[in-house]
Amino acid sequence: MSNPFNLALAQGSGFCNRTAEKALIGQNMRSGIHTVIYAPRRYGKSSLAMEVGALLTDMISIYVDLFSVTSPEDVVEKIYRVIVATLGRTAADQTTLASRILASFKKLRLNIEIDSMTMLPEFSVSLGEERAEIHLELIIAALDHYCTAQAIKVCLVLDEFQEICALKESKKIEALLRGGMQSAQNVSFLMMGSRRTILRDMFEDRKRPFYKSAYVLPLPEIPVNEFVAFLIDRYAGGGKVLSGAEAGEIVAFVRAYPYYVQKLAMLHFNLVGERDDALPFAKSLLVEMEAADFEGIFLGLTNHQKRLLRAIAKHQPTTIHGQEFLVENRLGSQGGVQTSLAKLKKLDLAEKIGNIWRVVDPVFEKWLIKQ
Ligand SMILES: Nc1ncnc2c1ncn2[C@@H]1O[C@H](COP(=O)(O)OP(=O)(O)OP(=O)(O)O)[C@@H](O)[C@H]1O
Ligand SMILES: [Mg+2]
């Protein structure tokens, strides 16, 4: 019996809910409203971007993953490469494609080879003599020009958008991209990222180029009842029975965190019918499997940050600054805690959910409590 769960992007019937978000984002893209979506790591951003792309049948979705960009050249080359590849794939008339692309992307160097099997053109791009800044300034306008000429609309997905922030030229890149973004008529931006503090600052800080330039949507939790129904259904599809109570337990254990719901269900599904303690066993297996990653993250923190994060995991306090909390957890002064908390927030490790401080990653939280 094949396991209906996996850790790849969730698509089609493997994608649970987010109906309202999909409709909203689709609507925004069609109306030219640039949108930023942020959520923790492995919360379903890329899956959602793909689902939105599939839904936007009247637009062309161009998906750029900015993960691991190291320079402005890298940023612009990645964007060019994906644009050309996608336009190439979707163009009706392949024979005149290169000349049409070059008519809009005037600064681009396009190398064309004809694939001997398919006889279709294959493109590779290079920046030529021009500096990356010039390309960044022109690339969106060029894409917009192409769209006008071909009477198409584009949804440009820039995933892991916060990676731009990590570059020393980030302010300049932001300013250049914003210029193109503001004047584009046929290109809607869908920017996604996981370092929420960084992204929020990017779009909500008055002094930054992107201030108020996009609709900001923090990706909400998938409702528990939706996930429960989804799990029961997927198990049934795979030929096994999952009770409502067990489904609820799976979702609650990982606080409806999509990656972990998928992973815990994957582990549990294999054990159903094999052993009586399938669910408790799968839960402890999950924590064990993640331990190496958590150790790595933990090692990167200062001792004070470690103490604070562990204290948050154990006590889930309403305030970090209470005297009792500080003393009991040997956290020293208010000032020190303020600095460590800012770092933990920036790393997206801790956040206030409702009025309670929590570790963002539910399984990391369980691991920390055990330490
Ligand atoms: N709506 C959903 N329904 C079911 N599973 C989902 C859903 N969204 C995400 N997942 C699962 O969560 C995991 C992470 O999804 P995805 O890669 O889309 O997240 P991400 O936020 O882009 O992650 P990363 O931070 O690593 O880029 C995958 O295993 C995917 O199957
Ligand atoms: Mg992703």
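Trainee: Into which domains is the protein chain divided?
Mentor: Keep in mind that we're looking at a predicted model. The bounds run over 18-218, 224-293 and 300-370. In that order, those stretches are domain 1, domain 2 and domain 3.

Trainee: How many Å separate the centres of domain 1 and domain 2?
Mentor: Take the C-alpha atoms of each domain and compare the centres. For domain 1 and domain 2, that separation comes to 36 Å.

Trainee: So where does ligand 1 lie?
Mentor: Check who gives residues to its shell. Domain 1 (18-218) does, and domain 2 (224-293) does too. Because both contribute, ligand 1 lies between domain 1 and domain 2.

Trainee: Which helices each supply at least two residues of that shell?
Mentor: The shell around ligand 1 has 19 residues, with Ala10, Cys16, Gly44, Ser46 and Ser47 coming nearest. Look for helices that supply at least two shell residues each. Those are helix 2 (45-55) and helix 10 (258-271).

Trainee: How many residues of the shell around ligand 1 are nonpolar?
Mentor: Sort the shell by residue class. Four are charged and five are polar. The nonpolar group numbers 10.

Trainee: Zooming out, what share of the contacts in the protein chain with a separation of 6 or more comes from residues 24 or more positions apart?
Mentor: The fold to picture has 15 helices and nine strands, and its C-alpha trace spans about 65 × 55 × 35 Å along the principal axes. Count contacts with a separation of 6 or more, then pick out those between residues 24 or more positions apart. Their share is 70%.

How values were computed
Residues are numbered from 1 along each chain as its sequence is written. Chains are lettered from A and ligands numbered from 1 in the order in which they are written. This is a predicted model: local features need pLDDT of at least 70, side-chain atom pairs count only at pLDDT 80 or more; totals for chains, interfaces and linings use all residues. Helices (H or I, at least four residues) and strands (E, at least two) are DSSP runs, numbered from the N terminus. Two residues are in contact if their C-beta atoms, placed from the backbone, lie within 7 Å. Domain bounds come from an automatic or database domain assignment. A residue is near a molecule or strand if its C-beta atom, placed from the backbone, lies within 6 Å of it. Ala, Val, Leu, Ile, Met, Phe, Trp, Tyr, Cys and Pro count as nonpolar, Asp, Glu, Lys and Arg as charged, and the others, Gly among them, as polar.
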